[in-house]
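Subject: Structure for your review

Dear colleague,

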Amino acid sequence: MKYQPVIGLEVHVQLLTDTKIFCGCSTTFGSEPNSQTCPVCLGLPGALPVLNGTVVEYAIKAGLSTNCTITPRSIFARKNYFYPDLPKGYQISQFEDPICQNGWLDITLAGQEPKRIGITRIHMEEDAGKLVHGDSGMGDGSGVDLNRACTPLLEVVSEPDLRSSDEAVAYLKQLHQIVTWLGICDGNMEEGSFRCDANVSVMPVGSKTLGTRAEIKNVNSFKFVKQAIEYEILRQIDLIEDGGTVVQETRLFDPNSGKTRSMRSKEEAHDYRYFPDPDLVPLVISDQWVERSRSELPELPGQRQQRFMTDLGLLPYDAEVLTASRALSDYFEAGVAVHDNAKAVANWVMGEITRALNDSGTSIDACPVPPERLAELLKLIDNGTISGKIAKTVFDEMWKSGKAPLTIVEEQGLVQVSDSGAIEGIIDEILAANAGQVEEYRSGKEKVFGFFVGQVMKASKGKANPALVNELLVSRLKG
Amino acid sequence: MNIFDMTIHELHGALKGKQLSSLEATTALLKRIESVEPQIGSFITVTAEQALAAARSADQRIARGEGTPLTGIPLALKDIFLTEGVRTTCGSRILSNFIPPYSAASWEKLRDQGAVLLGKLNQDEFAMGSSNESSAYGITRNPWDTSRIPGGSSGGSAAAVAAGQAIATLGTDTGGSIRQPASHCGCVGLKPTYGRVSRYGVIAYASSLDQVGPLTRDVADCALMLEAVAGYDPKDSTSVDTPVPDYSAALTGGVKGLRIGLPKEYFIDGLDPDVQKAMTAAIDTFRRLGAEFVDISLPHTDYAVATYYLIATAEASSNLARYDGVRFGHRAQADNLLDMYTKSRSEGFGTEVKRRIMLGTYALSSGYYDAYYVKAQKVRTLIMNDFISAFTGVDVMLTPVAPTPAFKIGEKINDPLQMYLSDIFTIPVNLAGTCAMSLPAGFSAEGLPIGLQLIGKPFGEETILRAGYAFEQATEWHTRKATL
């Protein structure tokens with residue numbers, strides 16, 4: 001029998017606010033345990049939560065960027081369960097009436113039509129603290145570090161619209177791109193700033209009844225998401241083929257083995273006893289607020305990609321690469337603003353710049369060659385001052401010294417030679433010194449032409465105008 | 001007159017006129033506490049040293065001419081208010097070792113005025129009770145008859161005022177916990193409108209109902225205390241950003257033309273005859289003063305107690321989850337996490353608290369939530385609407401505070417339902433979120449105080465204070481003292 005996997009994702013997005021969601025403590029990490037805490041995030045008796053307005057702004061931005069409706073009156077709820085990293089014995093989250101509802105993202109797999117993936121809801125909530133075991137100065141005991149407690153999160157819940165691990169990864173990548181593009185999340189999956197739980201089930205192809213799903217936790221990279229989903233699909237199919245039944249349960253992904261294992265069954269699942277948090281008043285968001293947020297949204301990656309193609313004439317692939325991150329895309333645009341040759345700027349950003357960044361492990365924000373300088377360099381090529389080959393030498397020097405391209409060209413005498421007399425002189429010398437190859441060429445072996453070009457360029461120390469060299473060589477050799 | 005029997009405004013006059021120092025007053029109060037505390041049991045913690053130091057510094061402040069009406073006044077707080085550096089137990093064993101690192105916003109306001117803290121007052125555990133018998137720190141006795149309960153849950157706050165152990169106190173009121181003990185102990189107690197006083201730093205019982213308020217010896221003191229603690233607090237999202245009126249200035253003006261509603265559901269057959277008699281006399285007094293009476297109805301009153309015990313316990317079950325032995329409070333020795341939780345909470349909480357946690361957990365459980373919690377919220381809305389519509393025709397309402405005067409210690413402790421019904425006339429006000437005041441209106445044949453409840457519109461504290469003040473001026477109930 002053939003099976004159809006059905007996948008839904010729950011993504012936790014840690015927001016880049018300076019302070020926590022319900023108190024004024026810093027969200028800085030890596031500090032001394034429990035140093036970023038106060039009565040509120042410690043859950044002390046008598047302490048009360050106060051909502052951080054920036055979290056609401058970020059949630060609205062995320063919702064509008066994923067085509068959600070913003071709920072005019074949304075409610076915070078308590079999710080009750082006991083765990084030592086949960087100081088109040090409940091997590092403040094949203095249950096009924098989350099801030100964003102009914103959105104979607106369009107994903108496109110290579111060679112396929114775009115597919116719309118529904119987003120059920122986005123809600124705001126606080127993170128829990130962290131348990132510290134054993135060797136961290138605790139002896140045999142365990143400690144609780146509440147620095148992370150009360151850090152703001154968005155939970156983005158998709159519809160079960162995904163049908164393969166590739167679709168799941170494409171959706172996840174797009175969501176990741178949007179939240180980092182908006183600047184509301186640093187997107188660091190290793191550190192858990194963007195983490196994902198996957199709900200996976202399988203059903204016979206053509207069936208209308210969904211299979212029983214398993215929720216897979218702890219899949220914290222795009223690679224692991226793919227691995228975990230693929231493993232889980234096969235596990236469920238094997239189970240059914242062997243006459244078994246899939247049980248509803250929570251499973252944990254083990255990145256070392258690439259397998260999932262049972263964590264707790266449905267029977268062991270908590271009854272969270274959600275109810276509206278009486279310490280927080282309903283969050284009322286006016287139409288004006290939504291419209292103001294909408295007007296403040298940056299151009300989103302999809303829109304920008306489209307504009308790069310239609311306005312700047314870029315190829316779809318190039319447009320996609322150049323919108324991979326907002327910083328890269330902004331860099332490209334800043335270059336085009338100075339030198340109006342989008343194709344050339346695109347090639348250099350995707351080529352030399354990306355290579356140099358990768359080689360040195362630098363991020364685009366810290367690129368030692370600012371986009372305006374790169375544009376100046378490309379101008380020098382396009383106005384014939386230097387050749388493309390020399391430009392690469394100049395670029396290396398710009399990267400190292402931070403000097404302006406024209407300065408380097410002048411200091412090192414790299415100006416392109418476009419004087420036909422001077423080039424003809426060099427050509428004559430080369431032809432005279434290589435009479436054998438001249439004979440070969442004239443007897444029809446035109447391949448040696450490249451040899452002459454190379455020799456002339458070498459003799460000119462790369463400065464001869466290549467187009468002119470070609471032209472003059474042809475006329476000399478034929479003549 | 002005994003210093004310990006003075007009102008705030010009397011003592012303030014004496015401090016200002018240099019007839020007395022705060023140190024003398026504080027010393028007199030501490031002496032009184034020492035002498036009557038064995039009979040009463042109002043206090044869980046007496047902070048004598050800190051009180052004397054605060055009194056000295058208040059005297060300096062007065063000497064510099066920087067005193068305010070509360071500077072140097074010896075007060076005490078229900079042990080539900082967090083006091084930085086001073087143990088705060090909430091009447092529970094689970095917090096027997098809890099020394100808070102911060103103070104309640106309402107106490108900070110009093111302290112900033114130079115008020116002197118005498119100590120922390122006994123109460124029902126986590127404010128759950130109507131008799132002060134659920135405290136883990138012993139019972140509190142009614143100063144008028146020490147075989148009887150003082151009421152609860154702010155029983156210590158009322159008994160201390162009545163027994164001359166504090167000039168005034170703060171309590172909290174979730175279903176009547178200020179008004180009912182005030183009534184039983186013959187003092188004035190006011191539950192402000194929900195959102196009028198910050199709840200920050202007050203240990204939560206039922207967050208949507210809890211409100212801080214004063215217990216005092218007369219209405220003028222009540223106005224002074226309320227004015228001191230009221231106001232918006234950005235740290236409490238449910239506090240309301242509306243200006244605090246000059247409550248003292250609002251006292252005078254009388255009740256001529258004031259329309260007072262008598263809700264028929266509060267004058268029931270089972271009402272104690274002495275309470276009934278006191279109400280009739282009070283109505284006559286108000287009428288003589290020029291008030292008009294209107295018969296009104298609050299038709300959903302019968303459902304109030306049931307509604308309250310679903311909403312309050314649901315919120316409590318969640319609010320009390322933080323007492324888990326992990327970060328503060330009582331922790332039992334155990335071999336694993338689950339045992340640690342179970343044992344710490346089993347040992348730390350008393351019977352009534354456990355009962356309410358169980359009730360609330362049940363009401364919120366999957367499959368029961370709609371039938372209990374959601375339905376209770378709907379009924380709460382109906383009760384609110386009762387008040388809104390009744391208040392279109394009247395300015396205040398007059399009712400008894402409790403169906404009987406103070407009952408005997410032990411009389412209802414094993415019958416939770418009977419105990420819950422002692423709050424039948426106070427609970428609807430909390431559900432409606434409005435304000436109400438209890439004030440002395442007579443005595444039973446056995447010499448027990450009987451309180452009268454004036455219910456105001458939301459943020460109508462000025463009106464009930466004015467009506468209460470007029471009544472107080474026309475009667476002498478508030479001048480009587482318990483003999484100890």
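This is a predicted model: local features need pLDDT of at least 70, side-chain atom pairs count only at pLDDT 80 or more; totals for chains, interfaces and linings use all residues.

Contact between domains in chain A

The domain assignment divides chain A into domain 1 (3-289), domain 2 (299-411) and domain 3 (420-478). Between domain 1 of chain A and domain 2 of chain A, the C-alpha centres are separated by 37 Å. Five residues from domain 1 of chain A and nine residues from domain 2 of chain A take part in the contact. Together, domain 1 of chain A and domain 2 of chain A bury about 610 Å², and carbon and sulfur atoms account for 66% of that area. On the side of domain 1 of chain A, 88% of the area buried against domain 2 of chain A comes from A:Ser65, A:Gln177 and A:Trp181, more than from any other three residues.

As to specific interactions, there are zero salt bridges between domain 1 of chain A and domain 2 of chain A, while three residue pairs are in polar contact, both residues of each pair being at pLDDT 80 or more. Helix H2 (residues 165-181) of chain A contributes the most to the side of domain 1 of chain A that touches domain 2 of chain A, namely three residues. That side of domain 1 of chain A comprises three nonpolar, two polar and no charged residues.

Contact between chain B and chain A

Here, 38 residues of chain B contact 31 residues of chain A. The two chains, B and A, bury about 2,700 Å² between them, with 59% of it on carbon and sulfur atoms. B:Ser237, B:Arg322 and B:Arg327 provide 22% of the area that chain B buries against chain A, more than any other three residues.

One salt bridge is counted between chain B and chain A; the side chains of B:Arg199 and A:Asp279 meet in a salt bridge at 3.0 Å, N to O.

Helix H9 (304-319), helix H10 (337-348) and helix H11 (351-364) of chain B each give at least two residues to the side of chain B that touches chain A. Of the elements on that side, H9(B) gives the most, with five residues. By class, the side of chain B that touches chain A has 19 nonpolar, eleven polar and eight charged residues.

Yours sincerely

Notes
Residues are numbered from 1 along each chain as its sequence is written. Chains are lettered from A and ligands numbered from 1 in the order in which they are written. Side-chain values use heavy atoms; hydrogens and water are left out. Domain bounds come from an automatic or database domain assignment. Contact means heavy atoms within 4.5 Å. Buried area is the accessible area (1.4 Å probe) that two parts lose on being put together, summed over both. A salt bridge is a side-chain nitrogen of Lys or Arg within 4 Å of a carboxyl oxygen of Asp or Glu. A polar contact is a pair of N or O atoms within 3.5 Å; within protein, one must be able to donate a hydrogen and the other to accept it, and residues adjacent in sequence count only if both atoms are side-chain atoms. Helices (H or I, at least four residues) and strands (E, at least two) are DSSP runs, numbered from the N terminus. Ala, Val, Leu, Ile, Met, Phe, Trp, Tyr, Cys and Pro count as nonpolar, Asp, Glu, Lys and Arg as charged, and the others, Gly among them, as polar.
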